[in-house]
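Please consider the sequence and the model shown below.

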Amino acid sequence: MSAKKRILFIANEMSPYLELTEFSEVVNKLAIKANDSGYEVRCIMPRFGTINERRHRLHEVVRLSGINVSIDNEDFPLQIKVASLPNARLQVYFLDNEDLFKRKSVFTDDDEKWHDDNALRTIFFCKGALETVKKFGWPPDLIHCSGWMTGLIPFYLKTVYKKEPVFAHSKVIFTIGQNTFDENLGSDFIKKAQIHASIKEKDLELFRDATNTALFRGGATFADAITFGSAEADKKLQEEFSKVRGKKTLPFHAESDLTDYLQLYSDLASK
């Protein structure tokens with residue numbers, strides 16, 4: 001009997017832990033449906049301070065501790081916590097850092113002011129997620145990224161991490177959702193995002209505007225397949241990515257029972 005195919009979901013929101021858009025519920029259902037359909041599933045998301053550790057029974061994974069995520073010549077300790085998804089036999093891993101995620105807010109403060117370090121938090125999460133998978137020693141066949149905060153991951157997988165054995169056969173799906181912020185991640189985002197000497201500024205040109213749309217565009221461009229997670233997705237992105245030569249695309253269907261996603265997973269995993 002052939003080994004189970006592995007799917008890794010990386011998202012900045014997932015029900016019931018964080019629900020910012022409707023797609024948080026879809027990620028939850030997709031993970032459970034894939035798990036029930038014979039895939040081996042793991043999930044990774046940020047451990048925002050708004051997530052109640054006691055209620056959701058998070059606990060630290062000591063064997064995965066000790067990772068330092070280096071960004072712009074600074075080292076940030078990565079703490080990894082885990083919980084079992086309610087009503088499902090699969091695990092969700094939460095990436096935490098005292099300075100970046102302890103605060104009791106997500107992307108804005110109590111006065112709706114955009115956090116100055118959201119760029120750093122985004123890069124930390126993207127790099128931290130990939131370093132966590134290396135530490136797992138768990139090679140995913142498919143990596144499904146959703147949420148603007150995961151936008152750099154397909155790029156990193158096709159550049160810095162492409163020779164890592166754990167990602168050698170990974171196919172990447174990226175979901176374009178609705179835009180949820182009007183700010184940008186700052187003029188130093190591109191500089192901070194150069195997490196390795198092999199990355200040049202021009203390689204990150206798609207991300208230069210550091211906007212919600214730029215993160216979605218960059219993620220979709222470097223992914224192997226693209227899905228749309230909302231009818232509210234940016235119209236330009238819908239036109240740009242609805243049909244891309246050589247890439248499977250999945251339009252948004254409000255009434256989908258998600259079997260179209262399972263078919264996409266099957267098609268990609270069999271390549």
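The model is predicted: local features need pLDDT of at least 70, side-chain atom pairs count only at pLDDT 80 or more, and totals for chains, interfaces and linings use all residues. Residues are numbered from 1 along each chain as its sequence is written, and side-chain values use heavy atoms, with hydrogens and water left out.

Side chains of opposite charge can pair when their charged atoms come close. A salt bridge is taken here as a side-chain nitrogen of Lys or Arg within 4 Å of a carboxyl oxygen of Asp or Glu. By that rule, the count is 17 salt bridges. One of them joins the side chains of aspartate 188 and lysine 192, with an N to O distance of 2.5 Å. Burial is expressed as relative accessible area, where buried means under 20%, exposed over 50% and partly exposed in between, computed with a 1.4 Å probe on protein chains only. Aspartate 188 counts as partly exposed because its relative accessibility is 32%, whereas lysine 192, at 15%, counts as buried.

Helices (H or I, at least four residues) and strands (E, at least two) are DSSP runs, numbered from the N terminus. A further salt bridge connects glutamate 240 with arginine 217, whose closest N and O atoms are 2.9 Å apart. Glutamate 240 lies in helix H8 (residues 235–241) and arginine 217 in helix H7 (residues 212–222), so this pair ties together parts that are 23 residues apart in sequence. Both ends are assigned to one class: glutamate 240 is partly exposed at 35% relative accessibility, and arginine 217 is partly exposed at 21%.

Lysine 248 and aspartate 267 also form a salt bridge, with 3.8 Å between the closest N and O atoms. This pair links distant parts of the chain, since lysine 248 belongs to strand E10 (residues 248–250) and aspartate 267 to helix H9 (residues 259–269), 19 residues apart. Lysine 248 counts as partly exposed at 32% relative accessibility, as does aspartate 267 at 24%. Elsewhere, salt bridges that share partners join Arg47, Glu53, Lys81 and Asp96 into one network.

The backbone also deserves attention. Serine 15 and proline 16 are joined by a cis peptide bond, with omega about 5°. Proline 16 is in the loop between strand E1 (6–11) and helix H1 (23–36). Glutamate 112, a residue other than glycine, has a positive phi near 65°. Glutamate 112 is located in the loop between helix H3 (98–101) and helix H4 (118–136), and counts as exposed because its relative accessibility is 58%. Alanine 210 likewise is not a glycine, yet has a positive phi of about 55°. Its place is the loop between helix H6 (189–193) and H7. Is alanine 210 buried or exposed? At 0% relative accessibility, alanine 210 counts as buried.

Rings of Phe, Tyr and Trp (its six-membered ring) pair if their centres lie within 6.5 Å; planes under 30 degrees apart count as stacked, over 60 as edge-to-face and the rest as tilted. The whole structure contains 19 aromatic pairs. Among them, tyrosine 39 and tyrosine 265 are edge-to-face, at 6.4 Å centre to centre with 80° between the planes. Tyrosine 39 lies in the loop between H1 and strand E2 (40–46) and tyrosine 265 in helix H9, so the pair ties together parts that are 226 residues apart in sequence. Tyrosine 39 is buried at 10% relative accessible area, and tyrosine 265 is buried at 0%.

The rings of phenylalanine 107 and tryptophan 114 have centres 6.3 Å apart and planes at 35°, so this pair is tilted. Phenylalanine 107 is buried at 10%, as is tryptophan 114 at 13%. Ring pairs link Phe48, Phe76, Phe101, Phe107, Trp114, Phe124, Trp148 and Phe181 into a cluster.

Helix H9 brings several of these themes together. Its buried residues are Tyr261, Leu262, Leu264, Tyr265, Leu268 and Ala269. They cover an arc of only 160° around the axis, which puts them on the same side of H9; the arc is that of the directions from the helix axis to the C-beta atoms. With contact meaning heavy atoms within 4.5 Å, the buried residues of H9 pack against E1, H1, strand E7 (142–146), strand E8 (171–176), strand E9 (225–228) and E10.
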